[in-house]
Structure formats: structure tokens, C-alpha cells
Amino acid sequence: MTEPTLAACVSRVLSEGEGDFLVAGTSFGGYVALETALAAPDRVRGLWIMGSSAGAPRDPAGARERGIALRDGRFETVV
């Protein structure tokens with residue numbers, strides 16, 4: 001994937017995937033997979049992450065807010 005931001009990667013996954021799907025990722029792709037699952041829990045039927053430090057959020061509500069901020073282009077506020 002050649003998108004410039006994590007939010008753009010998630011948007012691309014969601015726009016190119018049709019219906020419900022499984023999402024998987026390694027390394028940076030693990031972050032993309034996790035954020036995709038958080039952004040569209042109604043569409044993502046399974047999540048697989050390997051070789052990435054992306055993991056389940058300790059604060060699910062905070063993770064949802066972070067995902068919203070990323071999708072809104074507020075990357076700097078998240079970092």
C-alpha cells in the first residue's frame with residue numbers, strides 16, 4: 001500500500017473491500033488492520049495481526065476516538 005498516512009490506508013482498505021471481510025496485517029499492516037477493524041466493526045469479521053506491536057487497545061473508547069481523529073486527518077493530534 002502506498003498511501004501517505006495510516007488514515008488513508010484504512011480508507012483505501014474500506015473503499016476497495018466489498019461487503020464483510022477478514023483483515024490481516026504484518027508490521028505496519030498490523031496497525032492498518034487494527035484501525036480498519038476499529039473503523040468498521042460491522043464489516044470486519046476477523047482480525048489477524050502478526051509481527052507487529054499493534055495490539056488490543058487498553059481503552060476501547062479512546063481507541064475509537066483515535067480512529068475518528070485519524071480518519072478526520074488530525075494525525076498530529078493523535079501523535
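This is a predicted model: local features need pLDDT of at least 70, side-chain atom pairs count only at pLDDT 80 or more; totals for chains, interfaces and linings use all residues.
1. The largest nonpolar core holds 14 residues. Those with the most contacts inside it are Leu 6, Val 10, Leu 14, Phe 21, Val 23, Val 32 and Val 44. Nonpolar side chains tend to be buried together in soluble globular proteins.

2. Which elements give two or more residues to this core? They are H1, strand S1 (21-26) and H2. H1 gives the most, with 6 residues.

3. Now look at how H1 and H2 meet. Helix H1 covers residues 6-16, and helix H2 covers residues 28-39. Their axes come within 9 Å and cross at roughly 65°. The crossing is right-handed.

4. Which residues make this contact? H1 brings Leu 6, Cys 9, Val 10, Val 13 and Leu 14. H2 brings Phe 28, Tyr 31, Val 32, Glu 35, Thr 36 and Ala 39. By class, the contact has 9 nonpolar, 1 polar and 1 charged residues.

5. Leu 14 deserves a look of its own. Leaving out residues up to four places away in sequence, Leu 14 touches Phe 21, Thr 36, Ala 39, Ala 40 and Arg 43.

6. Step back to the whole chain. It has 4 helices and 2 strands. Their pattern along the sequence is α-β-α-β-α-α. The radius of gyration is 12 Å, close to the 12 Å that the globule rule gives for 79 residues, so the chain is as compact as a globular protein of that length. The C-alpha trace spans about 30 × 25 × 25 Å along its principal axes.

7. Last, burial and contacts. Of the 79 residues, 32% are buried. Among contacts between residues at least 6 apart in sequence, 41% join residues at least 24 apart.

Definitions and conventions
Residues are numbered from 1 along each chain as its sequence is written. Side-chain values use heavy atoms; hydrogens and water are left out. Axes are lines fitted to C-alpha atoms, for helices over the stretch in contact, and angles run from 0 to 180 degrees between N-to-C directions. A crossing is left-handed if the near helix is turned anticlockwise from the far one by less than a right angle, and right-handed if clockwise. Contact means heavy atoms within 4.5 Å. Ala, Val, Leu, Ile, Met, Phe, Trp, Tyr, Cys and Pro count as nonpolar, Asp, Glu, Lys and Arg as charged, and the others, Gly among them, as polar. A nonpolar core is a set of buried Ala, Val, Leu, Ile, Met, Phe, Trp, Tyr and Cys residues joined through side-chain atoms within 4.5 Å. Buried means under 20% relative accessible area, exposed over 50%, partly exposed in between (1.4 Å probe, protein chains only). The radius of gyration is taken over C-alpha atoms; the globule rule is 2.2 Å times the number of residues to the power 0.38.
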